[in-house]
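Let's walk through this model together, one feature at a time. Keep the structure open beside you as you read.

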Amino acid sequence: MNFERLLDANPVALALYATLFTWGLTALGSGMVFFFKSINPKVLNSMLGFAAGVMIAASFWSLLKPAIEMAEENGVTPWVPAVVGFLAGGGFLFLVDRLMPHLHLGFPTQSAEGIKTSWQRSILLVLAITLHNIPEGLAVGVAFGALARNADIGVLTGAVVLAMGIGLQNFPEGAAVSIPLRREGFSRLKAFTYGQLSGLVEPIAGVLGALLVLLVTPLLPYALSFAAGAMIYVVVEELIPEAQRGDQTDLSTVGAMLGFAAMMLLDVALG
């Protein structure tokens, strides 16, 4: 890929294309429901662990590290935007988690979290999955929005690598969503539709993240750290507990290690 030709492109358009790519891989993973009716718990734990590992690595290598470096270049105390943005991102997801009605896979309807509603179980399940994808789309959007501040090949490569990493974990995550929905009693088509719809929020969050950076460029280090904090919140609150269900917790741990290594390899080798 000739990255240099992309430097003249609109950062918001690039963010949209990148998040459409990550959404597409979510849909591709969700399409596995047409071939499999159920998923082995060991495989599911490994998939979720892998997704967690990728998100943890992306949070540091693609978001926090660049935020710290940008702060240093601007003469700002490096830890300030990193810590403030990181905690703000986690706090934002904490509030969304408490307010948005949602239900995690495998739990009875009465265990729904957030504001109590009479919404259908299917909607609550999809909203829970959608929560996972908001920080991912935001992270990719902010990374491409950084090109407005510094149209450098290194910044562009880092954003592309981040999109690749998010897409990499979206494929197994899509399968880990749609196949359990099939087990919940959904038809294959309905399970696929809801599974891929959960990823539709990524292009929306990606465009909003890029626009925010373009409008308020000095906030970029804070925005990168914010996305990192939101992703880590999702990993600790949702992905790791779900990956640790059952007796085969070692597999989810191995999956997390492999996911982290894969994302680190992408970022260090290509970034």
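**A guided tour of the helices and their contacts**

At 34% relative accessibility, Glu69 counts as partly exposed; here buried means under 20% relative accessible area, exposed over 50%, and partly exposed in between, with a 1.4 Å probe and protein chains only. This is a predicted model, in which local features need pLDDT of at least 70 and side-chain atom pairs count only at pLDDT 80 or more, while totals for chains, interfaces and linings use all residues. Residues are numbered from 1 along each chain as its sequence is written, and side-chain values use heavy atoms, leaving out hydrogens and water.

Let's stay with Glu69 for a moment. The side chain of Glu69 meets that of Lys65 in a salt bridge, at 2.9 Å from N to O; the term stands for a side-chain nitrogen of Lys or Arg within 4 Å of a carboxyl oxygen of Asp or Glu. Lys65 is partly exposed too, at 32% relative accessibility. Because Lys65 and Glu69 are four residues apart in helix H2, about one helical turn separates them. Helices in this tour are DSSP runs (H or I, at least four residues), numbered from the N terminus. An α-helix has 3.6 residues a turn, so residues three or four places apart point the same way.

How many salt bridges does a search of the whole structure find? It finds two.

Next, look at the aromatic rings. A search of the whole structure finds four aromatic pairs. Rings of Phe, Tyr and Trp (its six-membered ring) pair if their centres lie within 6.5 Å; planes under 30 degrees apart count as stacked, over 60 as edge-to-face and the rest as tilted. One of the pairs is formed by Phe34 and Phe192, a tilted arrangement with 5.4 Å from centre to centre and 45° between the planes. Phe34 lies in the loop between helix H1 (11-30) and helix H2 (41-73), and Phe192 lies in helix H6 (residues 188-197), so this pair ties together parts that are 158 residues apart in sequence. Phe34 is partly exposed, with a relative accessible area of 39%, and Phe192 counts as partly exposed at 22%.

Another pair brings in Phe92 and Phe226: the ring centres are 5.6 Å apart and the planes stand at 45°, so this pair is tilted. Phe92 sits in helix H3 (residues 79-99) and Phe226 in helix H8, which places the two 134 residues apart and links distant parts of the chain. Phe92 is partly exposed, with a relative accessible area of 37%, and Phe226 counts as partly exposed at 22%.

Is H8 largely enclosed or open? With 17 of its 24 residues buried, H8 is largely enclosed by the rest of the structure.

Now turn to the surface. A nonpolar patch there, with about 770 Å² of accessible area together, includes Leu197, Ile204, Val216 and Leu219. Patches are made of residues with over 30% relative accessible area and no salt bridge, with like charges joined within 9 Å and nonpolar side chains (Val, Leu, Ile, Met, Phe, Trp, Tyr) within 5 Å. Areas come from the Shrake-Rupley method with a 1.4 Å probe, and for residues only the protein chains shown count as cover. Helix H7 (residues 201-215) gives the most to the nonpolar patch, with five residues. Leu211 is found in H7 and counts as partly exposed at 36% relative accessibility.

Val155 lies in helix H5 (residues 153-183) and is buried, with a relative accessible area of 18%. Val155 and Pro66 are 89 residues apart in sequence and 8.9 Å apart in space, C-alpha to C-alpha. In helix H6 you will find Arg188, whose C-alpha atom is separated by 9.3 Å from that of Phe36, 152 residues away along the chain.
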